[in-house]
Amino acid sequence: MVRLAIFLLGAHSPTLALQLPWFVKTEVFRPSFSFSEIRPHLEAHKVWVDSLRAEGTSITSGYRVDADGRPGGGGLMIFAAADYATAERLVMCDPLVANGCVDWQLDGWIADVGDVALVDGGAWYAKRAVAARAPPPTLCVASAPPPCKPRVTLDPDYRLATGIASGAGLLSLTGPFGTGIIAALPIGALAALIAARTAAVRLVFDPEALEVMTVDTDGGVLESGRENFAVGGRNRWAYDTITEWALYPTPETAVLVYFREGQSRPEGVGHLFPVLFSPEKLRQELEQRVGCDRQIMGPPSL
């Protein structure tokens with residue numbers, strides 16, 4: 001299923017609104033999500049649209065249907081905005097996009113033949129060459145909503161795997177009669193495992209939550225990771241449920257990341273992961289999205 005929406009942003013008159021650059025956004029639901037997982041974000045999308053309308057933005061949202069009236073098969077959004085950055089900022093605030101429910105693409109659009117406009121309420125009409133026609137009702141326009149923090153996917157960082165592998169190499173050179181090699185084998189295997197997980201796992205920060213995701217076989221599309229083996233459910237946690245976090249052994253030389261959240265269980269659950277991403281970027285995102293006031297320096301509570 002794909003949403004269809006039309007926006008007019010940041011204009012001070014109907015004429016100016018129609019002269020703004022136009023953009024086309026296409027999106028489809030990701031097959032890795034069930035509809036039961038998508039539905040809460042779909043409802044949030046509707047609330048988001050209503051809030052934009054309440055703020056004065058002219059917007060219509062819906063979905064495409066086939067010849068038998070059944071939803072699905074793809075769709076698009078067409079909207080006017082001051083520039084690409086403004087258009088992208090609005091798209092990133094859509095709950096369906098922010099929560100990774102859809103694959104989407106945003107492009108500029110230049111009308112070549114024909115002309116369209118919007119009447120009050122967001123309905124389409126086609127301008128025709130008629131002798132006399134009353135002007136369309138005044139468009140309800142408003143400035144773009146406040147920017148939200150964009151979705152950020154941390155790039156893989158192989159420093160931890162490289163450090164463990166280097167340690168295994170040095171250990172293999174010690175001890176008589178090849179005993180060092182035998183002792184280094186399990187450490188080398190651990191380094192290989194860490195490297196494989198670094199290549200496959202991504203930590204994603206969206207406007208509402210952080211999530212552990214995996215890349216597909218081609219290394220491109222992100223998918224929801226496996227269910228949490230300890231508490232079940234997706235490895236996704238809202239920022240406002242995270243009560244504390246830390247980087248060990250120190251924030252400057254992070255090897256492990258810890259956080260405790262009250263989303264999985266009321267009494268709270270602690271999580272400890274190896275740092276498979278840029279430690280500097282990880283710290284920055286945690287400070288900005290979870291908050292420096294929740295950072296601890298003591299031991300984790302697992």
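How many salt bridges does the count come to in this structure? Ten, if a salt bridge means a side-chain nitrogen of Lys or Arg within 4 Å of a carboxyl oxygen of Asp or Glu.

Before I show you some of them, a quick word on what we're looking at. This is a predicted model, so local features need pLDDT of at least 70 and side-chain atom pairs count only at pLDDT 80 or more, while totals for chains, interfaces and linings use all residues. Residues are numbered from 1 along each chain as its sequence is written, and side-chain values use heavy atoms, with hydrogens and water left out.

Okay, salt bridges. Let's start with Asp 103 and Arg 30, where the closest N and O atoms are 2.7 Å apart. Asp 103 is in strand β5 (residues 102-109) and Arg 30 is in the loop between β2 (22-29) and α2 (35-54), so this pair ties together parts that are 73 residues apart in sequence. When I say helix or strand, I mean DSSP runs numbered from the N terminus: H or I with at least four residues for helices, E with at least two for strands.

How covered up are those two side chains? Here buried means under 20% relative accessible area, exposed means over 50%, and partly exposed is in between, with a 1.4 Å probe and protein chains only. Arg 30 is buried at 10%, whereas Asp 103 is partly exposed at 29%.

Next one: Glu 211 with Arg 236, closest N and O atoms 3.4 Å apart. Glu 211 sits in strand β10 (residues 209-215) and Arg 236 in strand β12 (residues 236-238), so that pair ties together parts 25 residues apart in sequence. Glu 211 is buried, with a relative accessible area of 3%, and Arg 236 counts as buried too, at 11%.

Then there's a salt bridge inside a helix. Glu 285 and Arg 289 meet at 2.6 Å, N to O. They're four residues apart in helix α7 (residues 279-291), which puts about one helical turn between them. Glu 285 is buried at 2%, and Arg 289 is buried at 12%. And if you like networks, Asp 157, Arg 159 and Glu 280 are linked in one made of salt bridges.

On to the aromatics. The structure holds five aromatic pairs. To pair, rings of Phe, Tyr and Trp (its six-membered ring) need centres within 6.5 Å; planes under 30 degrees apart count as stacked, over 60 as edge-to-face, and the rest as tilted.

Take Phe 205 and Tyr 239: their ring centres are 6.4 Å apart and their planes are at 15°, so that pair is stacked. It links distant parts of the chain, with Phe 205 in strand β9 (residues 201-205) and Tyr 239 in the loop between β12 and β13 (242-248), 34 residues apart. Phe 205 is buried at 0% relative accessible area, and Tyr 239 is buried at 6%.

Now compare Trp 237 and Phe 259. Here the centres are 5.0 Å apart and the planes are at 65°, so we call the pair edge-to-face. Trp 237 is in strand β12 and Phe 259 is in strand β14 (residues 256-261), 22 residues apart. Both residues are buried, and together with Phe 273 they form one aromatic cluster.

Let's go back to β2 for a minute. That strand is mostly covered, with six of its eight residues buried. What does β2 pair with? Strands pair when DSSP finds at least two bridges between them. Five bridges join β2 to strand β4 (residues 76-80), running antiparallel, and Phe 23 stands opposite Phe 79 in β4. Eight bridges join β2 to β5, also antiparallel, and there Lys 25 stands opposite Leu 106.

Last stop, helix α5 (residues 159-172). At 1.5 Å a residue, its 14 residues should span 20 Å, and its end C-alpha atoms are 20 Å apart, which agrees. That expected span is 1.5 Å times one less than the number of residues.

Which residues of α5 are buried? Leu 160, Ala 161 and Ala 168.
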